There are 2 protein chains.
Amino acid sequence: MTEVEKGPKGLRRGRGARERILGASRELFRDQGINCTGVDQLCTAAGVSKRTLYQHFGGKDELIAEYLRRFDPEVLPELFDRADLTPRQKLLALFDEHVPLCPFIGAAVELRDPDHPARAFARDYKHAFTARLVETARDAGAADPERLGEQLALLLDGASARSRVLDADAFVTAAAVARVLVDGALPPVSEPAELRSVS
Amino acid sequence: MTEVEKGPKGLRRGRGARERILGASRELFRDQGINCTGVDQLCTAAGVSKRTLYQHFGGKDELIAEYLRRFDPEVLPELFDRADLTPRQKLLALFDEHVPLCPFIGAAVELRDPDHPARAFARDYKHAFTARLVETARDAGAADPERLGEQLALLLDGASARSRVLDADAFVTAAAVARVLVDGALPPVSEPAELRSVS
DNA sequence: CGTTACATGCACCGATCGGTGTACTTGACA
DNA sequence: TGTCAAGTACACCGATCGGTGCATGTAACG
């Protein structure tokens, strides 16, 4: 999958194994699930020897934990930091990208151990993400930002989970609900006739 | 877990193994997941020999398929067939029971094989369930029953999935959204001051 | 009775999986 | 050039898992 990385000075052969492993983990864990992805397959995909993987990560559980930890500062900013969108547009644009099943929900389903470190990461991420939504809802002038943020987060999780089973796109339905909620939460008409993606 | 069943005429020792196996499957698959539940553990919980399990079901995959097939005629009727509730109340009461993660979504996450028979059952069940919601929404006089039914189904899946990760109860949030959607979909005021569960 | 269908108990198999030991190679840097 | 850290190649281990063979037991029914 991922080619050998090229460092700042020419190509280093096997260096940067850690990042390649994590990259392969993201792809394979997303496509096949965590339990269904073996360490050997992971090594092959990353172009890394098995020994190297165990030198970087103490075991598969630690790799899973790191795989989940890496999600924190990535997904959101691209959308939330865009200056060309109003807060209201940001809240609605969340439903335009049809993302795969939330990795944390997937991990919570696949990992039996309730004390697995991944569980804590999952909760933390969900809280942080929801907080971001609440903040944006507040910027948009929502009457009850906490409420709206929690509701939109729920819709996103629902859409990604339901899409796993149904061919019909649950994100379209979720977007419609989101529009209803957002319209209801922003008291008067905050921005008349603003640019809105064609439904 | 389950004691030896007592048939109509006294206690039969091991008879009724098939149902005991399916009962244990429901419990263990729900609590531990499918992949994390071994056949041996399943047999122990059901009080059944391993050989018997393989005589009733060709293999674990067939057992999983049958486990999922059994969901069809069970969950819904209790609520949908109640005569003491108006259609509108039925739609809202769906969110009162905080069910665990939808077994079909769980299965879709855990089973890698896209051709696994479980996938088809999952789609069929989701469609049937949504159809039931649509029908009830139509009975309630919804302006766009298809739309409302699909939206409520999405909310239920979202609540069950999100509850898997968060301690905070997503069903409360989902119920609030459902109320907004239902109120918005039933044009005038269908039933003024009807009995409503305390929020 | 005896028959028959269902269930048991237990040993066992092959495959897979997570993880390790060890000796070897390679690239960067001084 | 020599050193050292990072990575490689490959064999190997123990545990687990899905699944099977086979001899035995037992409840129900005629």
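## Report on a predicted two-chain model

Cys36(A) has a relative accessible area of 12% and is therefore buried, where buried means under 20% relative accessible area, exposed over 50% and partly exposed in between, with a 1.4 Å probe and protein chains only. The model is a predicted one, in which local features need pLDDT of at least 70 and side-chain atom pairs count only at pLDDT 80 or more, while totals for chains, interfaces and linings use all residues. Residues are numbered from 1 along each chain as its sequence is written, chains are lettered from A and ligands numbered from 1 in the order in which they are written, and side-chain values use heavy atoms, with hydrogens and water left out.

In chain B, Cys36(B) likewise counts as buried, at 13% relative accessibility.

| Residue | Relative accessibility | Class |
|---|---|---|
| Cys36(A) | 12% | buried |
| Cys36(B) | 13% | buried |
| Pro100(B) | 47% | partly exposed |

Pro100(B) belongs to the loop that joins helix H6 (87-93) to helix H7 (103-110) of chain B; helices (H or I, at least four residues) and strands (E, at least two) are DSSP runs, numbered from the N terminus. With residues up to four places away in sequence not counted, Pro100(B) touches Arg30(B) and Ser160(B), contact meaning heavy atoms within 4.5 Å. The C-alpha atoms of Pro100(B) and Arg164(B) are separated by 7.6 Å, although these residues lie 64 residues apart along the chain.

Chain A contains ten helices and zero strands. Of its 199 residues, 49% count as buried, and among the contacts in chain A with a separation of 6 or more, 64% are between residues 24 or more positions apart. The accessible surface of chain A is about 10200 Å², and carbon and sulfur atoms hold 51% of that area; accessible areas come from the Shrake-Rupley method with a 1.4 Å probe, and for residues only the protein chains shown count as cover.

Chain A is superposed on chain B by a rotation of 180° with 0.0 Å of shift along its axis, at an RMSD of 0.0 Å, and this is the relation of a two-fold axis. The superposition is by least squares on the C-alpha atoms of residues with pLDDT of at least 70 in both copies. The C-alpha of Gly158(A) is the one nearest the axis in chain A, at 1.6 Å from it. The same surface serves both copies, since 100% of the contact residues of chain A recur in chain B.
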